[in-house]
Amino acid sequence: MILLWLIVALSVLLHWLYKVNKDYYILSFFSRRIRTKDGAPVESIAPIPKGRTIFANTFDLYGRDHAGVFNHSRDRAKKMGTSYIEYAFGTSIYNIIDADSAENVLNHPNLITKGLVYNFLHPFLRTGLLTSTGKKWHARRKMLTPTFHFNILNQFQEIFKTESLKFLQQFKGQDEVTISLHDVIPRFTLNSICETAMGVKLDEMAEKGDRYRENFSQIEECFIRRLSNPLLWGDSLFNMFAAKDYASALDVVHGFSSEIIAKRRVLLEGELDNRRATQTADDDVFITKKRFAMLDTLICAEKDGLIDHIGICEEVDTLMFEGYDTTSIGLIFGLMNMSLNPDKQEIVFQEIQEHIDDDLSNLDVGQLNKLKYLEYFMKETMRLYPSVPIMGREAVQETELANGLILPKASQITIHVFDIHRNAKYWDSPNEFRPERFLPENSQNRHTYAYIPFSAGQRNCIGQKYAMQEMKTLMVVLLKQFKILPAIDPKDIVFHTGITLRTQNKIHVKLVRFSFAREVGGCCCAKMIVLLLVGAFSALLCWLYRINKDYCVLGFFAKRIRTKDGKPLESVAPLVKGTTIFANSFDLYGVDHSGVFNHSRNLAKQLGENYVEYGMGTSIYNIIDAENAENVLNDPNLINKGIFYNLLHPFLKTGLLTSTGKKWHSRRKMLTPTFHFNILNQFQEVFKTESLKFLQQFKGQDEAIISLNDVIPRFTLNSICETAMGVKLDEMAEKGDRYRENFRQIEECFIRRMTNPLLWSDSLFNMFAAKDYASALDVVHGFSSEIIAKRRVLLKDELDNGEATQTADDDEFIPKKRFAMLDTLIYAEKDGLIDHTGICEEVDTLMFEGYDTTSIGLIFGLMNMSLNPDKQEIVYQEIQEHIDDELRNLDISHLNKLKYLEYFIKETMRLFPSVPDMGRETNRETELANGLILPKGSQIVIHVFDIHRNPKYWDSPDEFRPERFLPENCQNRHTYAYIPFSAGQRNCIGQKYAMQEMKTLMVVLLKHFHVLPIIDPKEIVFQTGITLRTQNKIKVKLVRRK
């Protein structure tokens, strides 16, 4: 009987579904069907493409990459050839690719509400002018339209001109330069929108502007993720599962716009107080005498109760995004088209020459309007590459369209601008670039809505004239000075879906400065001159042959290393053959980062002993054995660092790492006590706190896969700043991240100089390359300067409150709470032992060494934990034996009991030393214990990486075996076979600090998690850097212990 009832119920259900399927697309989660006015099949007006799954078109985009999402609509438009219908996740979607339907929709009074996908922008833009609807949209539109009045745009013109000239300043002194438009154009458009519409210059906020643009990319990633995954269309599921991934990016962009608003409030108040702002009752209300700022309208409207602070934020976020992003896309593709169409570029140039003076004195709106061909050029660019390739509307009630379709309430309408602009119905040869299409005679019979880059109808873009004026101004200024040549094949461009039009590859162009051809004169050479030249050349060859005995002539006169007993050099150290005739000068030139690293490794394996190179006027002795390393590191005359350390001077100047002589001795004496045992005791609580804070990011997660290269450096930077510098980074976390990002650029500079001997010279480097890294240096030096300034204030407060004491022993200047190395420097400054520049040198040095080298040890240490579960278990049991679960006894004395953990870390640093190479320079002719005599100025490179893997000292050297460091296994091993912290008088003063920090994090982490492998160590590709680097990021999996 039950079975019978079930069959009846199922039959009734199926019958009901069959009936309801007529009006609802059941498998598309009950999407209400679109119907026709006359009852004809809907396919007679608009076809319905088949979906990828049984759920109609719901999951058509799911799992596609950005390019796939973009191409989905393009392919469908080509296949269908007409506007079409889709059903997805309870929604009917009418896709328009023809101008007639677009006109009907964009002018329909009931279709002003933006589509569902605009809801995905609400966390970013909330409900500003772009995303709002109804009364709110009407009120905001009425308020903001006058801010782009013709009179206002006139006042903006001087700014556009100034910003365009500033844009060209970055190419000053360069006759040719290849640029990535995606990198330089957005900065120009963001500066322009902020100074014009917002009334705030970004000169002092350039770094924050860059940060805004970087985080905007993450917000766009969020938009695409939601677009392609219908499960995230609803705000509830998105907020539950994905919103947190983009919270920090939202904080950055909202923080930037809030700072703009706050800054303009202050400026506007000052202008009003000084009677430089006026109020009138016409459209140009609140226009300042100097120029108008759209933001002023909002601030003044706030005073009149027409908008609140949240509303101002909405509109500023909206106008900032639309004003910088869409315009930058037009300029990027406009400049690309200039490069690809030299004949069109020449027409534009001749038109500019006709109407615009070379000094740009008459570059105003009136003259810009005369540049008709430039306008056609930009219009054709925006036809082929519309900034907004799709637009959306939502039916707020059942809506009948002119073609007879009746859309249910909540239907989505997608207007595919990209496809309308390339529809062969309106454009012949639509993929060709032809500005002449926009000549008046060629536009007469074309449908008005076949070209809608700025939308159309009542919700058209209020800033379209602003955008055209800005784009034309930059084009004029740029073409006055440069020809634009191609650096990309348009066939290689891969379009991406984004909030706006995106490409997978960056678009490059080459700028070539206009210059007058130089006349090259010449005269015939007399026979006598030829004879003299031949004679001189013969004499030169004879002299070079004789001098080559003592100097490697082709190595740019590098003075040769010789032996004490006069034997051939090769009997003590083989000489490496160079890759060019110039000895080893260019062995590394053009080699990538991993190639540079492997160059030394391969030579060590190939030669099996220490070896000699000659390069760029310098002799180089390369050491891969412990005996010679000991000799060099203990030689009292070999304390000068090698030439490659000079490449760090722009970053570290001459601090403890790079200085020499009396300066180094005095700084070493000053700073050594700051890592005294008593000081390290006080640091332990910080290490423990920071380690627990490190674990907080995995709170609530039983499993987590992490990129160690991303999370560990943040931990070590926080630790060095709070311990040695005495400053917490909690409120400076973003600046800390910025410091680490820009540090990578400085490292890139180091490698570039190291591999190009022409840049070893400071003069040539400063002339040709230094400017490329100036902004990165400003960021890292600015960060350390802020640390110093902050500590000065904190230290003064501690002194005022009696919280700092001074003693005469090694622990001088230790505050009651804990010691900060920076305090020693500040007190020494008061005693005249160091100046402010010296403090900056040491802070930059200690910050870099304290965070970077330790982070490398931790990264490889945790990797080894994951790859060696048996060793990890031994470490864990040792920790359990000595350390409480509450970590109350996690102090230095208990850390010292963790012997196997220490062996584990030592073995890690043997295989993966943070500093794989060290260098010294001879300041006089120097005799080594092996009988080699090095000329003054010779370079000595100690290859720590190769010494640590030398089978002479380590059996099966590539195996990971912590037991190597058991006392009984170390007795007969050469002391200098293991030198991760250097050795001798210039050894690392922070080695105990580093071991303590690494052991603390290991203990805290292993108390809570198993560390499992993600990466195959065979896949690791090492790279050269200031320290040890890898091409691939190292990941591990953390699994919480039960």
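The following legends describe close-up views of a predicted model.

**Figure 1. Confidence of the prediction across the protein.** The mean pLDDT of the protein is 90, and 95% of its residues reach 70 or more. Over residues 276-292, however, the pLDDT is below 50. Beyond near neighbours in sequence, this stretch has 43 contacts in the model. Residues 516-525 also have pLDDT under 50, and for them the model has zero contacts beyond four places in sequence.

**Figure 2. An open sheet of four strands.** The strands are arranged in the order β4-β5-β10-β7, and their pairing is mixed. In general, strands of a sheet pair through backbone hydrogen bonds, either parallel or antiparallel. The edge positions are taken by β4 (84-88) and β7 (390-394). Each of these two strands has a single partner strand, so one side of each is left without a neighbour in the sheet. From one strand to the next, the twist averages 25°.

Figure 3. Strand β5 comprises residues 91-96 and strand β10 comprises residues 412-416. The two strands pair in the parallel sense over four bridges. For Asn95, the bridge partner in β10 is Thr414. Helix α2, formed by residues 66-80, lies across β4, β7 and β10. This helix runs at about 135° to β4.

Figure 4. Asp100 is located in helix α3, which spans residues 99-106. Its relative accessibility is 38%. Asp100 therefore counts as partly exposed, a class that lies between buried, under 20%, and exposed, over 50%. When residues up to four places away in sequence are not counted, Asp100 touches Lys425, Tyr426 and His447. Cys194 is 94 residues from Asp100 along the chain, and the C-alpha atoms of these two residues are separated by 37 Å.

**Figure 5. Packing of helix α31 against helix α37.** Helix α31 (residues 836-867) packs with helix α37 (residues 991-1008) at an angle of about 40°, and their axes are 10 Å apart. The angle makes α31 oblique to α37. The crossing of α31 past α37 is right-handed. On α31, the contact is made by Gly850, Thr854, Gly857, Leu858, Gly861, Leu862 and Met865. On α37, Ala994, Glu997, Met998, Leu1001, Met1002, Leu1005 and Leu1006 take part in the contact.

Key:
Residues are numbered from 1 along each chain as its sequence is written. This is a predicted model: local features need pLDDT of at least 70, side-chain atom pairs count only at pLDDT 80 or more; totals for chains, interfaces and linings use all residues. Side-chain values use heavy atoms; hydrogens and water are left out. Two strands pair if DSSP finds at least two bridges between them. Axes are lines fitted to C-alpha atoms, for helices over the stretch in contact, and angles run from 0 to 180 degrees between N-to-C directions. Contact means heavy atoms within 4.5 Å. Buried means under 20% relative accessible area, exposed over 50%, partly exposed in between (1.4 Å probe, protein chains only). pLDDT is the predictor's confidence in each residue, from 0 to 100. Angles under 35 degrees count as roughly parallel, over 145 as roughly antiparallel, 65 to 115 as roughly perpendicular and the rest as oblique. A crossing is left-handed if the near helix is turned anticlockwise from the far one by less than a right angle, and right-handed if clockwise.
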